[in-house]
Each structure stands twice: as C-alpha cells, then as structure tokens.
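Dear colleague,

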Amino acid sequence: MGSRSVLSAGIALAMAAGVNTGANAQVLDEIVVSATKREESLRDVPVSVAAITADTIDTMGVVDMSEIAIYIPNFEASVSTILPNLYIRGIGTGTSHSIEQSVGRFVDDVYIGRGAASMLGFLDVSSIEILRGPQGTLFGKNTLAGAMIIRTGQPTAVFDADFNAAYGRYATQGGFYDLSGHASGPLGDSTRARIAVRYADSDGYVRNRLNGPDGGEHEEWGVRLKLEQDLGENTTIDLKLEYGRHRAVGSTTLEIVAAPESNPGLENVFRFLSPDWVGALDWNADYACADDPPVVHRLPGFCPDRDQEVRAAVGKVSHGFTAGEFLSISAYQEYEYVDRFYAIDMGIGGGAYIALRDEEYQAFSQEFRFTSDPLGPLDFITGVYFEDADLYRFSNTDFDLTTFPGAPLRIQQNEVFDQNTRTYAVFGQIRYRMTERLTALLGARYTDEKKTYKFDRFYEPFGTPHDRNTVNSVGPGPFGPLEAAIDRPEETRSESKFTPSFTVQYDLSDTVMVFGTLSQGYKAGGFSDRVTANPQDSIQYEPEVNNSIELGLKGLFRQGSLEVNVSAFRMAIDDLQVSASVPGTFTFQVQNAAEAISQGIEMDARWALSRDWLIGGNLAYTDAYYRSFPRAACTPGQAALSGPGCTQDLTDRTLIFAPRWKGTVYGEYSTYLANRWELLGRADISYSDEYYTETPLSPGVFQGSYQLYNAAVWGTSPSQRYRIGLVGRNLGNKAVRRFGLASPGSSIYLGEANQPRRVSLNFSVNFQ
C-alpha cells in the first residue's frame, strides 16, 4: 500500500461520519481521560487528546514511548540512550541536556522533570494520553507543546493478579524475553494494595562488526508498590514506591555516516578501519573494546555501557467536602546514571574520543488542589504547586589524536554542571455553563522560578580516573577560546510567567460538540550545559512562549458506532530554544531562534462496523517552519567552505521531527471459535513524510518518508484466564532514524535507528 493509499484511507474513514446510520450499529466503548484533571469521556473534553488504552498496549506488544508515536498523529519520540526527547507538532527539546522539556511528562499526577527518568520500559500501565497544544494552565511550565500523561494500575477491592511472558527474536540477530505481572487486592476492610514487577533481557539487535559487544544488549528490572488506605468515610491516603534499573552494554547509536560534501575522503578512511563499513543507517556498528587492530587509542578496559537507577516515592491524601475534593500530592524522585560511549566517531577511529557522563537528579514536589462539585452552572479547579530540583552532571572526555598528522593532542577534558531549580506556581480554571449547550472555560497559571548554576571546565592527563567531587586546578584549554578552561562563579537567574487560556465549547447535539481555544504555554529559560563563549559572556538563554489558537470537533455518529475527532491549530512560538552542534568545535550551542510557526489539521476516528470488526485511523497535516532564524548554525559541509563562525539563514525552513503528512490505519477482527476460544487479530499500517532530526538540517540527519507494518493474533480461553498471542512489529524491517546529529568538530554524522523486525510469542494468565 503506497503513501497515498494510507492517507486516502484515513480521510475516507473520517468522512464516514456523513454516512446514513445503520439499523444494527455497534456502540463503541467509552474512553475516559484526565486531560482536565477530572475523569471525563474523551469525546466531552475540549482538548486535542489521543488516548492509548492498556488493551492496545498489550495486544500490539508496545514496550516503550518510542512505539507509541506510531499510533498518534503529530507526536514523535526521539528515544535514544543519549537524549530521549518528545515532539508534538514539531516542537521539542533538541540536542542539549540543559534545555527544559517542551512536552511535559506526568506519571500518576506527578511531573517527571527530566527525560532520562523515562528510559525504562512500561510497567503495569493502564492508559496513556497525549495532550496536543499548550497545557500551561493545569499542568504548568514545560508543557509548551503538550503533555504526556501515563496512568498505572491502581489497587483493587477484590483480588486480581496476572503473569505475562514474551519471548521473541530480532530480524538482525539475537533474542529477547520480557516477564511481568501484578497482584492486587484488599489487605483488610479499609486497605488495598497492588504490586507490579517486570524483568526484561535482550541479546541486542545491532551487529558489531568489530571486536566488542553487540548494540542493544540490556537488562531491566522494575518494581512498584501501591498502598491505599481509607481513613474514614471521606479521606483516603495513597502511597507509591517505585524502583527501576537499566543496564546496557554496547551502542545503539549506530553507524558512522560520513559527510561527503565536506570530506570526500573520509569514507575511504572508515573502510580501512572497518572493511565492511557502508555508511548507511542500518543495524550494523563498528566499535571495538579490545587491543586488537584497528584499535590504537583505546583506554584500557573501556567499552560503551550504561547503568541507570530510578527511584520514586509519592504520597497522596484526598478528602471529600460538601463542595468538592481536596487533594495533596507529595512526590520525591531521583535517578543516577553513568553512560560511557565513544564520542565523535562512535569508536571506528579506535576510540580517539572517549566520553563518560555521570548524572544525578533529585526532585521534591508538592501540589495542593481543590476540585469543586458543580455549583449550579459553575465548577472550578484551583491549586498551588512547588518543586525543588537538583541536577548534577560530570562530563569526562579523553581525546587521543597523537597518531593523526598535525594534531599531537592527548588530554582529558572534564566539565561540571551543577544546577538547582525552585518553582512556585498558583493556578485555577473556571467552567461556566452559559446555556444548556454553551460552556466557557477560563484558566490561568502564574509561575515563578529561580535557577542557581555553577559550571567548571578543567583538564588532566589522558586516562586520569575521574573524580566528580574534586575540581583540580584549571589549566590552559587545547581548543582555543571556544573550549578554554573555565572556572565560572555561581550564577542565578529568575523569571516569572502568567499563562492564560480561554475555551468555548458548543454542543451541536447530545453526541457532537465543537470547541475553540486560545491558550499560552511557556518553557523556562536556563543555562547552557556546554559553555561555548568567552567566560565573561552570558551563557543564559531566554524562555520561549507559545501563543496558540485551536478549533475542534468531536462527535459520535451512526448510533454511536463511529467516533470522529478533528482539530485545526496554529501555534506561534517566540524565542524558540534551539540546540545544535557548533562546527569546528566539540560542543553544542543553545540559542533562541526569533520565531517559529506550527499549523495544521489532525484527525482520528474509529468505527465499529459490527460486533466482529473495528477499524480506525488517524491523520495529521503539519506545516511547521522557522518564521525567522537568520543566524542558525551551519551544516558541516557549509562550515568546511566558510570556516569557523559560519552561520546560515533557516527562515522558512522546516522544524525538526515535523513530517508534513503522518497517518495510521488499523483493523481489528474478533470472533469465537467452535471450542469457544476467542480469536482476535489486529494489524496497522503507518506512514510518515520526510523530516530532519537536528536543527542545522544537514543531509546526514534527513529521514525520508517511510511506512511501518505491525500485526498481532491472540487467542483467549473460554474462561478468559489464558491468552496466547503472536506479535510482529516492524514487519517490513524498515530502518527509521529516530535520532541523529552532526558530530561536533567533525565531518561525521551519528544516527540511531528504531528496532528491526521483531516477532514474539506472548502468553498471559489471569488469576482473578
């Protein structure tokens, strides 16, 4: 099926609302979401929301955020071990550890302040919601483009338990298995508990052609305990404790992709170092972890790996009053990881650039919220929020260029990034039913934030064991003023922002409504995590602001068997924060582009044709571009011609991760066999237009249009206790660039692909 067929099928599905109602229509199940911090039907919420249920996650074998993007228009996930980022309508974070998120992530009502905290796979997830467009009123800063809301399983009043197992193989090589389960039920008359566990192991799917481990080898552990206690008729206390660990060896940041426009002879060098090197994005890598040739610069015992631990504790107290509900949410989260990798050339040059990133993050947050019951035609939500977060990063890079002509350099560069952020906010939203069919919502949030920041750069002899607690005496830098040794004094910045929203909703009938929204969102400013200017210059970047207008329609048709949601939007982003590699240096630069525009239409629909057949799909058209960006960083090819300090004009050029067309169609069939086993089959086809993955819009970070195919077949026993399934993902074995950048200081591109085709046999048993 070609791209036009996929898009035509999506349009036809949405237009089916105009078909005359049938006499035997099958009513669709209702999807409940929390986009307004109340549990409401998706079709009643005046927000552009895409929801993924637990049934879809289980049926299609979805294991992490990167695979959610297939099913949601205008949502992209750049999930890599380097920088996991989310993009909505072409707006995201970019290649920098210091830029705040554009798409806020919330797990069980708690804001997750760093993308690295979301590295682990899904554990006992009950639903996922993607809110598109600014969500500044109810969800706060750093939801400039939207929000991702994840709900996990809650304790139950009756016993419920299950066990799930999956074993599969990748098309390239290696196998994997995934074991998970939960148990839930009462511990007494007023206490309920739920425990969920997961263990996953993968042999890796990236074939390493040199002497080292294959990429993608990893293990994951996860456990979550929830307790729920009734303290009287109107008061409930909830406690959640969570731990996760991710250990990986090898590299999934794939093949070195040369830039022939800036260094035509580079490909010959790579083929000399690794004869099978081809320079294409695939599932082959070239890095060594031994002293065998061609390794000549390696540190003893070095090999790419990552070890990360995540911990969280959340306490909730809810109390019901006559006029509504009071909720207190106290949360503590922390993670630490050590990530060792080959920088610049990903190891094909023998490890001439060896990097270690040691990061720690701790955050405490407190939210008090009151949600009123209806007071005649009026109801409201109001609350206050506080967060205190500490981020510490130690970067250690060994440069060994002693065998390269004209570059007798052998030294270790160390950088310390230490930042504290304190955020205070007050928010509220009023909903007023002006008539039986007309409703208005007015909301606002005021946020005040202060950041304290310290940065140091110093040098030591090559191979010195790193000590993040000691900053040695500052010495001269080897790379000139852009990479000079620095001992900066502590700096602070403060900012405050008022973000309003206004929505009008009109019910055309009992099952169809239209809405219009004017809203504003913002992403906080900050300090660059890589200092690329004179130490006396400011390294701060300013907040960015999104002024958005959206019109939408949601409706049920054909006696409740057909659901259609359509939104048209235009977002104008001022001072867009952009991070890009700086040609001629080994660093990234954060800058504020003048303005960007993202506008388009997105729709989704599902149609229960009968008791046995369900079809659905989604479609998005997006026109996302820089309205003004006259001094953007150059591509490596441009820098090779123009020299250091080169800039280009990206005005009217596309934003990254912003395909013009994106759509998915799916079909689901269920029936009962003669022995009363239920048979369920589901397949989907998704299409995406071309896009870039890094701001300079280099040829090496271009992803062409593509299609992906997934399918699953499940059988469920008559007692509903046992399920067995065969699940296939990326059946066309298509390599798609989900991460890519121009390697700093070189004519090399790095890339990371999605997983290759994988087929698994799944089994689950329910002990209810």
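Over the ring of which residue does the charged end of R676 sit? That ring belongs to Y672, and the charged end of R676 lies 4.6 Å from its centre, where a charge is said to sit over a ring if NZ of Lys or CZ of Arg is within 6 Å of the ring centre and within 35 degrees of the ring normal. The charged end of K37 likewise sits over the ring of F139, at 5.0 Å from its centre.

This is a predicted model, in which local features need pLDDT of at least 70 and side-chain atom pairs count only at pLDDT 80 or more, while totals for chains, interfaces and linings use all residues. Residues are numbered from 1 along each chain as its sequence is written, and side-chain values use heavy atoms, with hydrogens and water left out.

Searching the whole structure gives 20 aromatic pairs (rings of Phe, Tyr and Trp, the last by its six-membered ring, with centres within 6.5 Å; stacked if the planes are under 30 degrees apart, edge-to-face if over 60, tilted for the rest). Among them is the tilted pair of Y199 and W221, with 5.9 Å centre to centre and 50° between the planes. Y453 and F527, by contrast, form a stacked pair, at 4.4 Å centre to centre and 5° between the planes. Y453 counts as buried because its relative accessibility is 1%, and F527 counts as buried at 0% (buried means under 20% relative accessible area, exposed over 50%, partly exposed in between, with a 1.4 Å probe and protein chains only). Finally, Y87, F657 and Y691 form one aromatic cluster.

Best regards
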